[in-house]
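Visitor: I would like to learn to read a fold one feature at a time. Could you walk me through this one?

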Amino acid sequence: MLLRKSIDIYEKLSLLANGAKYDVSCASSGVSRKNLKNQVGNTSRFGVCHSWSSDGRCISLLKILLTNFCNNDCAYCINRKKNDIYRTVLMPDELAKITYEFYRRNYIEGLFLSSGIIGNPELTMEMMIKTVSLLRLKYRFNGYIHLKLIPSTSEATVSEAIKWADRVSVNLELPNKKSLEYLAPDKKMDNILNIMNFVTKTIDTLKEEKTFYNSRGGQSTQLIIGATPDSDLEILRLSSYLYKNNKLKRVYYSAYVPINDDSRLPVTKPPLLREHRLYQADWLIRFYGFRIDEIFSEKKPFLDENIDPKLAWALRNLHFFPIDITKASLESLLRVPGIGPLSAKKILKLRKLANLDINALKKIGVVVKRAKYFITINGKFFEDKKLYDKTPEMNKIFSNRNSQLTLSL
Ligand code: SF4
């Protein structure tokens, strides 16, 4: 382990923001921009990420670790004990002050605070709680706080942590015990699931009481994709379980990035397209009413990376189409490629007031170039062709890999 005798605050921030960047359970897109003549402000690549508040606003967060010291040895993590990296820690009063100063200068609107384990899990979590309670009480900070929970922390401490944060999360990282034991032998899946169950119960109580910051918040988790041979089916089964039983706000999928030289890990490029397809399938289950067995079969437990899963379902189920948008139910509209939940609801509303045509559909956000193959309006196909007339055209479009990659739900 490498320790610096003297280290300035900028170096500390750099080390600790760098150590946090692989956690995607708040979405991130750091930019780097120099201060320009006659302009105010510059940005630094590390440290600021973007996330969405419960009312849908995009907010910038200081994304940072309390410390990159860690007792654990998770194979995929840059901060694992085994790695020879410079280590440092920000004390709670130091970190609370930095966050407040950043906020005052308009650099950020909130904080995403995670940590390696220093001393023991309880001590680490207490330091994190101290940081956010200082922010809330001493600095009267009312902005967004996302707090990572450290596994193996007592319920009393987790309870205290939940009080101060808008969102809390504990990372499951891998979808089953076997994979977790293989790559993160210090972590126990039952332990993490127990914390998640406890958080669910506690947040429900806080919501009833309508108290504390988390009364509108919730919890999320992260799964690493591609570090183990686990299938997309297994990953999404777990996500569905967590959405249903633990009322998770989000499951984040993080394409595995090879950082460490470790024989347990594959040498591979981050599977970004697979990650994207998993997010699409996740949305189909949460917002479009799809069941897992409609997206996968036991024989085909991986998503086809070449085509988005909603379109893949539609092409496997052409007997379901065309559907007439002047009569179809919300559930049927949601099955049409190019129609999303918002545009489906607008169709239901608008068709009571006026006759729908293709231009009206475009105006309310339907992606007509995709939907036109699957819908009729008052019994008529767009361009007056039947679905089977379109099949060669559809095949041409959907067999072009490049165009498939740009298709969205
Ligand atoms: S517990 Fe594992 S994932 Fe978390 S910081 Fe330590 S080594 Fe990294």
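Guide: Strand β7 (residues 167-169) and β8 pair in the parallel sense over three bridges; two strands pair if DSSP finds at least two bridges between them. Helices (H or I, at least four residues) and strands (E, at least two) are DSSP runs, numbered from the N terminus. This is a predicted model, where local features need pLDDT of at least 70, side-chain atom pairs count only at pLDDT 80 or more, and totals for chains, interfaces and linings use all residues. Residues are numbered from 1 along each chain as its sequence is written.

Visitor: Which residue is the bridge partner of S169 in β8?

Guide: S220 is the partner of S169 there. β8 also pairs with β9, again in the parallel sense, over six bridges, and I224 stands opposite S254 in β9. From β8 the chain crosses through α7 to β9, a right-handed β-α-β crossover. Right-handed means that, with the strands pointing away from the viewer, the path from the first strand over the helix to the second runs clockwise.

Visitor: How many of the eight residues of β8 are buried?

Guide: Seven of them, so β8 is mostly covered. A residue is buried if 20 or more other C-beta atoms lie within 10 Å of its own, exposed if 12 or fewer, and partly exposed in between, with C-beta atoms placed from the backbone.

Visitor: Which residues are buried in α8?

Guide: First the general idea: an α-helix has 3.6 residues a turn, so residues three or four places apart point the same way. In α8, the buried ones are R277, L278, A281, D282 and L284. They cover an arc of only 155° around the axis, which puts them on the same side of α8; the arc is that of the directions from the helix axis to the C-beta atoms.

Visitor: And what about phi angles and peptide bonds?

Guide: Most residues other than glycine have a negative phi, and most peptide bonds are trans. Here R140, in the loop between α3 (121-137) and β6 (144-148), has a positive phi near 50°. E173, in the loop between β7 and α5 (177-183), has a positive phi of about 70°.

Visitor: Is each of these two buried or exposed?

Guide: R140 is exposed, with 8 other C-beta atoms within 10 Å, whereas E173 counts as buried, with 22 C-beta neighbours inside 10 Å.

Visitor: Where is the cis peptide bond?

Guide: It joins F321 and P322, with omega about 0°. P322 lies in the loop between α10 and β10 (323-324).
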